[in-house]
Amino acid sequence: SPFQTTASDAQGDPQPFTIQATGFAQGAQVRLETCDGLSPSNVNWDLNADCSFGTQTSAKLPPTGPADVLTFPAGDPNYGVHVFRGDEPQGQLFACLPQSEWSGSGLQANGAFGPTGLPTWNNCQVRVASKPSDQVFLAFTLPDTSNGTTTTSTTLADTTPPTIDSFTPAEGALVHGTAVAVTGAATDAGSGVKSMAFTIDNGSVIGQVVDMTAPYGFTLNSKLLPDGHHTINVTATDNSDNTTTVQTHNFTVDNTAPTTPRFTKALAPFTTATTAALTFSSTDATSGVASYKVQFERVNFNATVFSAWATAPNGGALNRTSYTMAGLAAGYDYCFRVISTDKAGNVSAPSSLTCTARLIDDKALVHSAGWVQRVAAGYYSNTYSQAGSANRTLTLANFRGDRLAIMALECPTCGSIRVYVGATLIRAISLAATKRTDALIVLPPFGQRAGTIKILTLSTKPVVIDGIGASRT
């Protein structure tokens with residue numbers, strides 16, 4: 001039926017007004033006609049008397065180009081506008097042009113109003129259905145003596161659903177946590193978007209969420225869902241209640257952290273090297289391990305506490321299961337741990353520790369009389385200290401720890417030593433051996449102690465000391 005209006009100002013005085021038809025899809029064939037007030041369904045309605053076919057106030061919206069604008073004078077309370085569009089002779093009832101009048105206007109007999117063979121084109125009433133992509137808007141512009149002009153709009157016909165423009169989480173995304181943003185954006189050139197609806201796993205755990213306000217979406221607590229594959233169905237509805245077909249998006253929930261990493265090989269308790277090489281592993285059943293972080297703490301042999309945990313240099317986002325830390329300082333304990341992160345962002349618990357202590361060179365010790373310091377290749381830091389009589393001492397003050405190691409020469413004619421912390425004898429060591437070698441002798445842990453480390457020679461047989469390891473791990 002026609003859309004009818006009476007244009008007047010706030011005082012009720014008739015006003016001129018403008019009607020504009022916009023929003024048609026490219027190629028749409030539409031004609032606006034003005035009629036004199038009677039509906040085409042009225043028995044007294046007359047095609048030639050009641051409509052302005054072919055006159056100046058009739059306009060056709062072409063297949064392409066700008067929208068038609070019709071301007072009407074003030075005074076007639078019963079202007080009506082009839083819109084012609086569509087392909088099939090079904091649906092809403094509209095007034096029509098006789099075939100003789102539209103044949104030369106650019107409209108096609110086959111396809112504009114109906115298929116070939118449609119009877120009674122001069123019947124002034126034809127059932128025509130709109131194309132799904134056709135929308136018609138009427139905008140009325142009325143003068144206002146105080147504020148210029150005002151415009152009101154209405155939708156005469158909108159059968160086109162909105163278009164969903166974007167959606168998050170992205171297709172195939174990994175999500176975790178209690179605050180996953182589910183968002184959607186849609187546009188509608190007709191009556192405008194009214195709402196968007198989101199349904200997870202067909203509503204099996206979480207019911208449908210309908211958002212009536214842009215930006216559309218909600219916050220998902222993914223911990224309500226089991227780990228693994230899930231779907232989100234999303235639709236958009238416009239103000240004419242046209243609803244899109246369902247879009248389905250897939251995503252994966254992973255709220256389980258990777259397994260706690262483990263070191264595949266422990267570090268030696270003492271080392272002469274300036275580097276520490278680590279290897280480790282972790283697994284994640286859902287999304288897989290994405291990266292590792294290596295952390296370390298360290299303490300000097302005479303300090304009271306370890307430093308705070310810190311990320312090892314270049315060890316913050318490793319995509320491999322090995323790491324080597326350089327720059328180990330003599331006299332320091334180094335402890336390492338590893339944390340893994342999966343592809344969804346879950347973080348594992350820290351691994352257990354692996355630790356090592358770099359030896360202190362003999363030249364850093366305090367020598368009593370009777371020692372000779374020498375430089376030679378093949379020894380730790382290329383130096384060693386040698387004594388050839390009893391009761392000669394090497395000392396290191398302010399030790400705090402529970403384990404020692406002695407780097408010394410073993411040989412068939414070598415002598416013996418005793419190792420003390422303060423006044424406590426830790427171990428008596430014979431350096432006699434069938435083969436000459438510069439050996440690292442690791443003493444068993446003896447419990448936390450503090451005091452001066454002392455190495456004491458026991459005879460006139462030669463003793464060669466290359467370094468000392470002091471650890472609290």
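With which side chain does the side chain of Asp 201 make a polar contact? In this predicted model, the partner is the side chain of His 230, at 2.5 Å.

View 1. Leaving aside residues up to four places away in sequence, Asp 201 touches Leu 225, His 230 and Thr 231. The contact with His 230 joins the two side chains. Asp 201 is buried yet takes part in no salt bridge. Lys 223, the nearest side chain of opposite charge, is 17 Å away, whereas a salt bridge requires the nitrogen and the carboxyl oxygen to lie within 4 Å.

**View 2. The salt bridge between Asp 241 and Lys 194.** Across the whole structure, the search finds two salt bridges. In the pair shown here, the closest N and O atoms of Asp 241 and Lys 194 are 2.5 Å apart. This pair links distant parts of the chain, 47 residues apart: Lys 194 belongs to strand 14, and Asp 241 to the loop between strand 17 (228-238) and strand 18 (247-253). Asp 241 counts as exposed, with 52% relative accessibility. Lys 194 has a relative accessible area of 25% and is therefore partly exposed.

**View 3. The salt bridge between Lys 363 and Asp 361.** Here the closest N and O atoms are 2.6 Å apart. Lys 363 has 48% relative accessibility and so counts as partly exposed. Asp 361, by contrast, is buried, with a relative accessible area of 6%.

Conventions: Residues are numbered from 1 along each chain as its sequence is written. This is a predicted model: local features need pLDDT of at least 70, side-chain atom pairs count only at pLDDT 80 or more; totals for chains, interfaces and linings use all residues. Side-chain values use heavy atoms; hydrogens and water are left out. Buried means under 20% relative accessible area, exposed over 50%, partly exposed in between (1.4 Å probe, protein chains only). Lys and Arg count as positive and Asp and Glu as negative; His and the chain ends are not counted. A polar contact is a pair of N or O atoms within 3.5 Å; within protein, one must be able to donate a hydrogen and the other to accept it, and residues adjacent in sequence count only if both atoms are side-chain atoms. Contact means heavy atoms within 4.5 Å. Helices (H or I, at least four residues) and strands (E, at least two) are DSSP runs, numbered from the N terminus.
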